[in-house]
Amino acid sequence: MTAAIPLADNSELAAALLQAAITAALAGLCGFLYQRYRKPYLGWWSAAWALYLLRLAAIISFVLTQQRAWLYWHQVVTGWTALAVLAAALVFSRGLRWRW
């Protein structure tokens, strides 16, 4: 049994686009600060915000197209975002360095 998913109204789409714009600004700010000061945690925060923006793009794509594949990619990028936020927090609090 598959239930039809109702199309999103304009307010949901507008809210998601506003959140995406603010997230893009945060990613850009962290990227700018990383280039200026070369602190590793700023690079990780920039990557985490960029992944969060990609996550928002996936959910906005789902809202617009109603294709369930976008929900899958939303969940995948959510996991990547969580790992990037964890890495940013560890680098900031403990000064951990990346090792292969």
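Helices are DSSP runs of H or I of at least four residues, numbered from the N terminus. The model is predicted, and local features need pLDDT of at least 70, side-chain atom pairs count only at pLDDT 80 or more, and totals for chains, interfaces and linings use all residues. Residues are numbered from 1 along each chain as its sequence is written, and side-chain values use heavy atoms, with hydrogens and water left out.

**View 1. Residue Q75 in helix α3.** Q75 lies in α3, which covers residues 69–94. Its relative accessibility is 53%, so Q75 counts as exposed (over 50%; buried is under 20%, partly exposed in between, with a 1.4 Å probe and protein chains only). Between the C-alpha atoms of Q75 and I60, which are 15 residues apart along the chain, the separation is 13 Å.

**View 2. The packing of α1 and α2.** Helix α1 (residues 10–37) packs with helix α2 (residues 40–65) at an angle of about 160 degrees, their axes being 8 Å apart. Axes are lines fitted to C-alpha atoms over the stretch in contact, and angles run from 0 to 180 degrees between N-to-C directions. The angle therefore makes α1 roughly antiparallel to α2 (over 145 degrees).

**View 3. The buried residues of α1.** A16, A20, T23, A27 and C30 are the buried residues of α1. These buried residues pack against α2, where contact means heavy atoms within 4.5 Å.

**View 4. The end of α1.** Just after α1, R38 adopts a positive phi of about 55 degrees.

Conventions. Helix = DSSP H or I, 4+ residues; strand = E, 2+ residues; numbered from the N terminus. Parallel < 35°, antiparallel > 145°, perpendicular 65-115°, else oblique.
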